[in-house]
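Me: Got a model I'd like to talk through with you. Here it is.

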Amino acid sequence: MTTTIFDTRHYNYPQNFMEIKPKLARLEKAIKKLEANLIDANDDANIELLNQKLNSELGLKVNYARELNPDQLLAATTIEGKVLVIAGAGSGKTKTLTYRTSYLLENGVTPKSILLLTFTRKAANEIKNRAKTLLTNSLSDEDLAKDKLPTDKRLNDITSGTFHSFCNMLLRQYSGLLGINPRFTILDTGDSEDAIDLIHKEKKYPAQTKSQAFPRKKTLQNIISSSRNRRIHIRDLIESNYPDIAVHIPIIEQLAVDFHEYKRANHLYDFDDIISQVVRHLKINDTFRQMLQNQYRYIMVDEYQDTNIPQKQLIDLICEPDSVSLMVVGDDNQSIYAFRGANYENILLFGETYPDAKLIKLEQNYRSTPAVLDYINALSAQITLGYQKQLYSGASISGYKPVFSRLTNETKEAKYIADKIIELKSDHEYNDFAVLCRTSFQSNYVQLEFMERHIPFIVVGGIKFVERRHIKDVLAFIKILYNPNDTIAWHRILTLFQGVGTVTATRLTQAINADNNSFEPLLTAKFAKKSEQLEPLYHTLTKANQAESVETVIEHILEFYIPVLKTIEENWRERNEDFRVLKNLATEHSSLDNFLENLALDPPNDSVATTSQPEEESKDKVTISTIHSAKGLEWPVVFVNSLVDGITPHHRSLDDFEELEEERKLFYVACSRAKTRLYLTAPDYFASYSGYFDKPSRFIAELSADEVTVETAKHPSLENDDPVWW
């Protein structure tokens with residue numbers, strides 16, 4: 001009989017389990033169907049076929065059989081048909097995609113027929129650069145002398161990048177065929193929020209009820225975006241997820257319609273539009289669809305578990321012909337982005353979508369010790385639905401079991417983490433350590449303790465570079481120069497000036513659009529009297545419009561904007577430093593549209609990092625991060641804190657089966673970041689406006705006591721010195 005660490009009888013089961021049983025049955029059927037098509041690299045027949053294939057390709061420059069393990073080799077060399085590769089944590093999926101790219105080129109596949117879709121441009125570039133290095137290093141001196149394989153050019157011909165960058169390219173490249181204006185600008189999430197807020201203020205909607213405040217622009221944008229990505233009616237979404245604002249449903253539904261019409265009228269596309277527009281045209285435009293199907297014959301998709309419904313539709317429409325090769329790579333255990341619209345069903349229903357698809361599993365882990373893997377596998381076994389997988393390591397030394405420790409309060413928990421880091425520091429650098437939290441505020445006590453103990457750290461998260469107020473202001477000037485119809489950018493700039501409010505900004509924007517997008521209305525008397533800065537703005541825009549480089553455009557804008565920034569921000573000097581980064585980025589782009597696209601679709605450094613000593617130049621620092629931000633990363637020593645039921649898993653997920661499953665996967669992702677040591681900590685209780693939580697996380701409680709070392713401690717309520725387990 002398996003002994004669990006804690007008594008699990010007191011944990012409530014999700015209330016909606018019976019409601020979703022039909023869906024779970026469908027998913028389970030699809031999983032079993034694809035499991036039946038598993039290609040096992042250790043099967044004698046498959047080994048023989050693989051050897052025959054490689055022996056018939058003796059002209060290959062890269063020794064794939066030597067560089068890859070059997071499952072990776074199978075994935076890299078299976079280049080026909082539809083294939084799902086389940087790549088467990090730390091199993092080398094990037095390496096597999098790299099070698100598959102190389103293998104395609106070595107087998108004569110035309111680079112222009114290859115499409116590689118990832119979730120960051122960095123990931124796509126990494127795969128292409130590694131493939132380039134791999135192919136170049138495999139050439140003999142004789143081949144190099146003959147320029148037998150010009151890898152630079154061939155790899156540049158591969159279409160690669162994010163879903164958004166790919167669809168943005170298609171909309172502009174085929175604008176004539178699709179009947180759209182190619183000079184559209186892209187609204188980021190903040191811009192979309194501002195647009196929704198502006199429309200709400202300008203439109204004369206029916207009177208709102210006083211019984212419930214109207215939702216803020218951030219909530220409205222999230223509702224409208226989620227409705228589109230998840231293919232759920234706004235009414236159903238609000239009634240399910242936002243019942244407190246259900247009284248406002250009619251207004252929000254109309255606001256969503258008005259928002260869509262506003263974007264079309266002003267040549268604006270938000271992130272959702274970019275993909276959904278391509279999907280719509282693929283469905284209704286036979287010529288467009290056939291052109292893409294004929295061009296892209298070999299398609300690879302990374303992180304397939306993170307795709308949403310429109311992204312899946314995009315892939316399915318291009319890959320509709322049986323002759324198109326499709327390989328998607330992902331890990332259903334790491335589908336943790338439902339809040340962004342990701343649909344975990346996509347990867348589980350792959351066998352239903354493609355009945356003849358094959359399944360390959362990468363289960364050899366190159367990251368964690370066997371002891372840590374045992375715990376990770378135990379967590380995986382608790383996930384209700386998914387592809388069977390058992391990660392294993394080739395390491396001969398088992399290593400340390402994960403350690404669970406429960407402390408009196410959050411302060412003691414933080415001290416425990418600091419003590420462990422200092423204890424282990426003799427064998428590690430600070431950047432070997434990471435503290436991973438369910439939500440960012442759970443790191444507050446840890447940060448304070450690290451400061452007191454002089455432990456250098458960096459906090460990953462915060463405001464993204466392109467979302468900083470002063471950066472968005474400067475980008476608004478550039479957007480106007482590229483698309484004078486961008487009313488959101490106009491409003492952002494005009495309302496910087498004293499004397500210009502929302503009403504004046506709206507009238508002035510309308511006048512500019514009515515005057516064929518000329519800047520002349522800025523000089524008219526009725527507007528010029530509102531602010532003395534409108535005339536200098538006119539001259540700045542006129543001068544910037546004639547500049548020959550993006551960098552020069554920014555210099556003209558900053559000459560005008562920095563004096564404005566001084567009047568509205570006390571820390572303008574600190575903010576001024578970011579403009580150097582912006583100008584450096586500008587030198588990499590030859591046109592305004594290219595510059596704006598890259599910043600919108602693939603912004604630099606995801607976040608502002610907070611450090612314990614801002615002036616400290618050393619990069620040797622402990623990482624403090626949310627679990628979501630840590631996905632894809634790894635550290636030798638990982639701490640996961642605040643493991644109290646109601647915090648991890650979050651209290652809002654406890655009554656919903658699917659949300660609770662995602663929380664379980666989130667914990668799986670956190671633990672699988674650890675290479676050699678994993679520490680799990682929890683305070684005795686957690687009290688907030690949301691409630692009082694005092695049970696250890698069910699994710700800890702439900703596992704066998706054999707999987708983890710539970711550190712004992714003296715409970716303050718006990719008068720004797722007997723250690724206890726909580």
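Me: Ground rules before we start?

Reply: This is a predicted model, so to speak of local features we need pLDDT of at least 70, side-chain atom pairs count only at pLDDT 80 or more, and totals for chains, interfaces and linings use all residues. Residues are numbered from 1 along each chain as its sequence is written, and side-chain values use heavy atoms, with hydrogens and water left out.

Me: OK. At what angle do α11 and α14 pack?

Reply: Helix α11 (residues 189-202) and helix α14 (residues 249-265) pack at about 110 degrees, and their axes are 10 Å apart. Helices here are DSSP runs of H or I with at least four residues, strands are E runs of at least two, and both are numbered from the N terminus. Axes are lines fitted to C-alpha atoms, for helices over the stretch in contact, and angles run from 0 to 180 degrees between N-to-C directions.

Me: Are α11 and α14 roughly parallel or roughly perpendicular?

Reply: α11 and α14 are therefore roughly perpendicular to each other. The classes are under 35 degrees for roughly parallel, over 145 for roughly antiparallel, 65 to 115 for roughly perpendicular, and oblique for the rest.

Me: Which residues make the contact?

Reply: From α11 there are S192, A195, I196, L198, I199 and H200, and from α14 L255, D258, F259 and Y262. Contact means heavy atoms within 4.5 Å. The residues of that contact divide into seven nonpolar, two polar and one charged. Nonpolar covers Ala, Val, Leu, Ile, Met, Phe, Trp, Tyr, Cys and Pro, charged covers Asp, Glu, Lys and Arg, and the others, Gly among them, are polar.

Me: And E253, where does that lie?

Reply: E253 lies in helix α14. E253 is partly exposed because its relative accessibility is 31%; the cut-offs are under 20% relative accessible area for buried, over 50% for exposed and partly exposed in between, with a 1.4 Å probe and protein chains only. Leaving aside residues up to four places away in sequence, E253 touches I234 and R235. The C-alpha atoms of E253 and R235 are separated by 7.6 Å, and the two are 18 residues apart along the chain.

Me: Which way do the β9 residues point?

Reply: V403, S405 and L407 point one way, F404 and R406 the other, and all are buried. In a regular strand the side chains alternate between the two faces of the sheet. On β9's pairing with strand β18 (residues 709-711), the sense is parallel, over three bridges, and F404 stands opposite V710.

Me: Back to single residues. Is L104 buried or exposed?

Reply: L104 is buried, at a relative accessible area of 0%. This residue is found in helix α5 (residues 93-106). L104 touches I79, V109, I114, Y298 and M300, not counting residues up to four places away in sequence. L104 and Y298 are 194 residues apart in sequence and 8.6 Å apart in space, C-alpha to C-alpha.

Terms used:
Pairing = 2+ DSSP bridges.
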